[in-house]
Amino acid sequence: QAQLVESGGGLVQPGGSLRLSCAASGSIFSINVMGWYRQAPGKQRELVASITSGGTTNYADSVKGRFTISRDNAKDTVYLQMNSLKPEDTAVYYCNAEILAHYSGLSTYWGQGTQVTVSS
């Protein structure tokens with residue numbers, strides 16, 4: 001089994017920045033893709049960005065050039081640096097990871113979510 005714990009959300013003014021972190025823990029053998037999703041009120045959850053264990057990244061068009069995903073494989077942690085934030089970035093952000101855990105095999109895990117609010 002594994003767990004994902006997120007941190008770093010909060011309230012920020014338009015144009016500001018936030019950095020989200022998500023640390024995986026538990027009986028982890030390896031982690032494949034890690035990513036961030038978000039869900040705004042009344043909308044479906046959508047992919048924001050993802051990163052493979054080799055460092056290949058993928059971004060939603062709406063965040064390209066403003067958000068940067070990175071990971072520290074030694075710490076089993078993924079980060080999302082969010083710059084030039086807009087009100088439409090307001091959502092609950094969820095960490096996601098495909099983890100091969102000892103005794104429980106390959107599964108997709110989700111964090112508990114962290115609120116990001118962009119407002120003046």
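Colleague: What percentage of the 120 residues of the chain count as buried?
Modeller: The model is a predicted one. Burial here means under 20% relative accessible area. Of the 120 residues of the chain, the share that counts as buried is 42%.

Colleague: What radius of gyration does the chain have, and what would a compact globule have?
Modeller: Along its principal axes, the C-alpha trace spans about 45 × 25 × 20 Å. A compact globule with 120 residues would have a radius of gyration near 14 Å, and the chain agrees with this, so the value for the chain is 14 Å.

Colleague: How many helices and how many strands are there in the chain?
Modeller: From the N terminus on, the elements run β-β-β-β-β-β-β-β-β-β-β. The count for the chain is therefore 0 helices and 11 strands.

Colleague: Among contacts between residues at least 6 apart in sequence, what percentage join residues at least 24 apart?
Modeller: A contact requires heavy atoms within 4.5 Å. Among contacts in the chain between residues at least 6 apart in sequence, the share joining residues at least 24 apart is 55%.

Colleague: Which strands are the edge strands of the open sheet of 4 strands?
Modeller: The open sheet has the order 1-3-8-7, with antiparallel pairing. Its twist averages 15 degrees from one strand to the next. An edge strand pairs on one side only, and the two that do so are strand 1 (2-7) and strand 7 (67-72).

Colleague: Which residue in strand 8 stands opposite Leu20?
Modeller: Strand 3 (residues 18-26) and strand 8 (residues 77-82) run antiparallel and are joined by 6 bridges. In strand 8, the residue opposite Leu20 is Leu80.

Colleague: Why is the disulfide of Cys22 and Cys95 left-handed?
Modeller: A search of the whole structure finds 1 disulfide, and this disulfide joins Cys22 to Cys95 with an S to S distance of 2.1 Å. The handedness follows from the torsion about the S-S bond: the disulfide is left-handed because that torsion is about -80 degrees.

Colleague: How many residues apart in sequence are the parts that the pair Cys22 and Cys95 ties together?
Modeller: Both Cys22 and Cys95 are buried. Cys22 lies in strand 3 and Cys95 in strand 9 (residues 91-101), so the parts tied together are apart in sequence by 73 residues.

Colleague: Which residues does Met82 touch, not counting residues up to four places away in sequence?
Modeller: Not counting residues up to four places away in sequence, Met82 touches Gly16, Ser17, Leu18, Leu20, Arg66, Phe67, Tyr93 and Val116.

Colleague: Which residue in strand 9 stands opposite Tyr37?
Modeller: Strand 4 and strand 9 pair in the antiparallel sense over 9 bridges. In strand 9, the residue opposite Tyr37 is Tyr94.

Colleague: Which residue in the turn of the hairpin of strand 4 and strand 5 has a positive phi?
Modeller: Strand 4 and strand 5 run antiparallel and are joined by 5 bridges; in strand 5, the bridge partner of Met34 is Ile51. The hairpin leaves 6 residues between the two strands, and the turn residue with a positive phi, of about 80 degrees, is Gly42.

Colleague: Is Ser50 buried or exposed?
Modeller: Ser50 is found in strand 5. Not counting residues up to four places away in sequence, Ser50 touches Val33, Met34, Gly35, Thr56, Thr57, Asn58 and Ile69. The relative accessibility of Ser50 is 15%, so Ser50 counts as buried.

Colleague: What is the relative accessibility of Asp76?
Modeller: Asp76 is found in the loop between strand 7 and strand 8. Phi of Asp76 is near 50 degrees, a positive value in a residue other than glycine. Asp76 counts as partly exposed, at a relative accessibility of 24%.

Colleague: What is the relative accessible area of Ser84?
Modeller: Ser84 lies in the loop between strand 8 and strand 9. Although Ser84 is not a glycine, its phi is positive, at about 50 degrees. Ser84 is partly exposed, with a relative accessible area of 40%.

Definitions and conventions:
Residues numbered from 1 in each chain as written. Predicted model: local features only at pLDDT ≥ 70, side-chain atom pairs only at ≥ 80, totals over all residues. Heavy atoms only, no water. Pairing = 2+ DSSP bridges. Axes fitted to C-alpha atoms, helices over the stretch in contact; angles between N-to-C directions. Disulfide = S-S within 2.5 Å. Buried < 20%, exposed > 50% of the residue type's maximum accessible area, 1.4 Å probe, protein only. Rg over C-alpha atoms; globule rule 2.2 N^0.38 Å.
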